[in-house]
Amino acid sequence: MEYSVLTENEDKELKTVGLELMFLTPEKHQSKEGITSVELARLVNLPLETVKKKLNILKEKGIVQVKGINPKYWKFDQYNFQRMNEDDEIFLLLCSFDDVDFDKYFSY
């Protein structure tokens with residue numbers, strides 16, 4: 001399944017999930033393996049089904065890894081992300097920082 005931009009709202013949801021995983025710190029989840037979709041949904045304040053859909057889009061692109069079966073643990077794959085085609089719309093979406101508040105990812 002190829003990702004295509006359907007609506008501006010879906011873009012924001014995908015970007016929210018992707019950036020949260022990209023900047024995820026160990027303090028934000030319980031397991032060393034990664035974060036569960038339930039934890040991530042609470043963190044980004046989106047419905048669980050929406051988060052699962054967005055995680056699968058990112059998994060198909062190879063930029064998130066999943067471990068386990070029940071529960072599944074998700075982790076951002078920085079190595080694969082850096083090797084993505086720079087013209088890929090998901091790469092461009094996750095690299096567009098104009099409307100990103102970095103304070104929610106980092107505490108100074």
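This is a predicted model: local features need pLDDT of at least 70, side-chain atom pairs count only at pLDDT 80 or more; totals for chains, interfaces and linings use all residues.
Me: What share of the protein chain is made up of buried residues?

Reply: Of the 108 residues in the protein chain, 41% are buried.

Me: How many helices and strands does the protein chain have?

Reply: Helices (H or I, at least four residues) and strands (E, at least two) are DSSP runs, numbered from the N terminus. Here there are 5 helices and 2 strands, and along the sequence they follow the pattern α-α-α-β-β-α-α.

Me: Back to the rings, then. How many aromatic pairs are there?

Reply: Rings of Phe, Tyr and Trp (its six-membered ring) pair if their centres lie within 6.5 Å; planes under 30 degrees apart count as stacked, over 60 as edge-to-face and the rest as tilted. That rule gives 2 aromatic pairs. In one of them, Phe81 and Phe91 are 5.0 Å apart centre to centre with 35° between the planes, a tilted pair. Phe81 belongs to helix 4 (residues 78-82) and Phe91 to helix 5 (residues 89-94), so the pair ties together parts 10 residues apart in sequence. Phe81 has 6% relative accessibility and therefore counts as buried. Ring pairs also bring Phe76 into a cluster with Phe81 and Phe91.

Me: Which ring does the charged end of Arg83 sit over?

Reply: A charge sits over a ring if NZ of Lys or CZ of Arg is within 6 Å of the ring centre and within 35 degrees of the ring normal. The charged end of Arg83 sits over the ring of Tyr79, 3.7 Å from its centre. Gln82 is also found in helix 4, and at 54% relative accessibility Gln82 counts as exposed. Its C-alpha atom is 9.0 Å from that of Ile63, 19 residues away along the chain.

Me: At what angle do helix 2 and helix 3 pack?

Reply: Axes are lines fitted to C-alpha atoms, for helices over the stretch in contact, and angles run from 0 to 180 degrees between N-to-C directions. Helix 2 and helix 3 (residues 48-60) pack at about 110°, with axes 9 Å apart. Angles under 35 degrees count as roughly parallel, over 145 as roughly antiparallel, 65 to 115 as roughly perpendicular and the rest as oblique. Helix 2 and helix 3 are therefore roughly perpendicular to each other. A crossing is left-handed if the near helix is turned anticlockwise from the far one by less than a right angle, and right-handed if clockwise; helix 2 and helix 3 cross in the right-handed sense.

Me: Which residues of helix 2 meet helix 3?

Reply: With contact meaning heavy atoms within 4.5 Å, Ser37, Val38, Leu40, Ala41 and Val44 in helix 2 meet Leu48, Val51, Lys52 and Leu55 in helix 3. In helix 2 (residues 37-44), the buried residues include Leu40, Ala41 and Val44. Ser37 is buried as well, at 11% relative accessible area. Apart from neighbours within four places in sequence, its contacts include Lys72 and Trp74. Over in helix 3, Thr50 counts as buried at 16% relative accessibility, and its C-alpha is 7.9 Å from that of Glu13, 37 residues away in sequence.

Me: What is the phi of Asn45?

Reply: Most residues other than glycine have a negative phi, and most peptide bonds are trans. Asn45 is not a glycine, yet its phi is positive, about 60°. Asn45 lies in the loop between helix 2 and helix 3, just after helix 2, and at 70% relative accessibility Asn45 counts as exposed.

Me: And is the peptide bond from Asn70 to Pro71 cis or trans?

Reply: The bond is cis, with omega near 5°. Pro71 lies in the loop between strand 1 (64-67) and strand 2 (73-76), and at 38% relative accessibility Pro71 counts as partly exposed. The C-alpha atoms of Pro71 and Val38 are 9.3 Å apart, although 33 residues separate them along the chain.

How values were computed:
Residues are numbered from 1 along each chain as its sequence is written. Side-chain values use heavy atoms; hydrogens and water are left out. Buried means under 20% relative accessible area, exposed over 50%, partly exposed in between (1.4 Å probe, protein chains only).
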